Amino acid sequence: MDISTFIQQLINGISLGSMYGLIAIGYTMVYGVLRLINFAHGDIMMVGAFSSFFGMSVLGLDIYSSVVFAILISVIVGVLTDKVAYKPLRHAPRISLLITAIGISFFLENLVNVLFGGTPKSFHAPAFFDQTFQIGSAIFTPLVFIVPLVTILLLLLLLTLLYRTKYGIAIRALAFDIKTVSLMGIDVNKIIMYVFIIGSSLAAVGGVFWAINYPILTPYMGVMIGLKAFAAAVLGGIGSVYGAFLGGVILGFTEVIFVAFFPEYGGYKDAIAFVFLILVLLFRPTGIMGINFEKARF
Amino acid sequence: MFPLSKTNLLKLFLILSIVLFLFVAQNNFNDYTIRILNNIAIFIILAASYNLINGVTGQFSLEPNGFVAIGAYVTALALLSEDMKWELFQLEDPHPWILALHLDLIPALFFSGLAATIVAVFLATPVFRVRGDYLAIVTLGFGFIIKVIAINNPEFTNGSIGLNEIPTVINLYWTGGLAILTVIFMLNVIYSKYGRAMKAVRDDEDAASAIGINTFKIKTLAFGTSAFFEGVGGGLLAILLTTISPDLFTFFLTFQLLIIIVLGGLGSMTGAVIGSVIVVGGMEWLRFLDGPLFLFGMDFGSHPGLRMVVFSVLLIIIMLFAREGIMGKRELFTLFKRKGKK
């Protein structure tokens, strides 16, 4: 493998990883606050991708307004999920919450299946994304640069929000101790709603990127991507926002490099995330960022 | 040996009436009804064994589709003749081991269960290092890995094409009989000392460990036992369907089983039976939802998948408003026990 092919794979890997990272941030934040694996999060990403498809093909929006539309719909779905399915179970056993989350995930998949039909939809991105340019012998599409850039911008924005604003302090405090925070006169449910808004909008952006990159949409696309993003969040250290991004990039990079080096085992690409997951849980359950559940948060 | 208490009489009555029902059904009902009953019986086997790990031991795992897939493949490969295998395997020639594998029904089912158990025991070490949500996601990943392996090893599994023309060698006596045996076995496990240890692990793992229960051993035992019956159930499913492929055993199967045991009541074996009857029967009954719909004189068009929307809403509603399910943690034959004698 020569150097320019390596750089090409590196950049492709970072781009794929940024998408995992965007989705992983939602998992990590909800887990941090509610200690719940939001099984429906991958499906919220799918809702984002489908809304943008719907916005462009039916409502005639351009790509930018369709992203806004996708964010809007995903946020509505995410917040409704929290209000309808998770809020009544705040004091119930954790398993009940998990089962409800799985129920929501299945509900969203099948609802989209009923609304749009089961046949895969092809996503028509504007011609801008189809052009390619060459550096040395490596060929790139504009998206492989746009995705990491936007992701890093959003990450910086999120970190500013978490560390520089009152709401960010409340979110981080919530992750420490919900009971005490509610005694301090903070509306816990409102803060949890903000967490869902952040997570869902990032997932929607991730969904649109995914749709442009892999333009075949199916109602069940969110399951696999969601699982991998969750594995990325655990790899990075669940509860940590940087960790989620870092885990996503590592996972995406490994997948791309694995296929480049061992094309004959390309079919096993989807298993890498779970191998990572199992190894991390076996040897370092706190992940790369080493978040200790009882102490640090985010 | 068997004191004729009210509870035992009720148990005996339940079993005899089911056997009688099976006898009547096999001889009088039409093929369609018998097929649904077969389906219900297999789901009872799967749900009862899933309930052991999920409801009784309280380990929220999402693995059944993986074990069912293993069982289905072992049974299918064992029952297909050598000529059939040469004919079916189109991607690559069958592996010599696969060609040599040829068994009768009973050993085939037994080895299906055994294969699933062996995998379960190996899996237990990584899986039971974690609890709660993590356990769910690791076991969910396992189902995906089984699928990836099945697709990528065409000399063993015929890849994504799958296997078909599996000989139909079972009738309602087989599925129903095995369902009854599974439920009786599971009930005996629950009321044994191991069952009590499992319940202790569910209610408070740290406390159970503190009073000297080897929680890892107990969890592995429950996992292996439930894997065995899931493997057997998978074998029966393969025979009933006659065609299997890696795409058949997705998370959807696990989801159905989850609805069944949640509806019946997590931890109740007779609840799992009732849940299977309602969910599998309901799936058939609601089939009209997937076809063209006319409600109140209006044409709603055809919406394949609407059934699943209904079932996922059902699951959410049960969790929100009736978390105990139908039976809670009770069993059918203990319903009439005098209160205060718990």
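Thr254(B) touches Tyr50(B), Leu62(B), Pro64(B) and Asn65(B), leaving aside residues up to four places away in sequence. Contact here means heavy atoms within 4.5 Å. Thr254(B) sits in helix α13 of chain B, residues 251-264. Helices are DSSP runs of H or I with at least four residues, numbered from the N terminus. Thr254(B) is buried, at a relative accessible area of 0%. Buried means under 20% relative accessible area, exposed means over 50%, and partly exposed lies in between (1.4 Å probe, protein chains only).

This is a predicted model, in which local features need pLDDT of at least 70, side-chain atom pairs count only at pLDDT 80 or more, and totals for chains, interfaces and linings use all residues. Residues are numbered from 1 along each chain as its sequence is written, chains are lettered from A and ligands numbered from 1 in the order in which they are written, and side-chain values use heavy atoms, with hydrogens and water left out.

**Salt bridges**

Side chains of opposite charge can pair when their charged atoms come close. A salt bridge is counted when a side-chain nitrogen of Lys or Arg is within 4 Å of a carboxyl oxygen of Asp or Glu. Over all chains, the structure holds six salt bridges. In chain A, a network of them links Lys228(A), Glu255(A) and Asp270(A).

| Asp247(B) | Lys147(B) | 3.3 Å |

Take the salt bridge of Asp247(B) with Lys147(B). This pair links distant parts of the chain, 100 residues apart. Asp247(B) is in the loop between α12 (215-241) and α13 of chain B, while Lys147(B) is in helix α7 (residues 132-152) of chain B. Asp247(B) is partly exposed, with a relative accessible area of 47%. Lys147(B) is also partly exposed, at 26%.

Asp203(B) counts as exposed, at 57% relative accessibility. Arg202(B) is partly exposed, at 22%.

Glu205(B) lies in helix α11 (residues 205-210) of chain B and Lys219(B) in helix α12 of chain B, so the pair ties together parts that are 14 residues apart in sequence. Glu205(B) counts as buried, at 13% relative accessibility. Lys219(B) is buried too, with a relative accessible area of 2%.

Note on methods. Helices (H or I, at least four residues) and strands (E, at least two) are DSSP runs, numbered from the N terminus.
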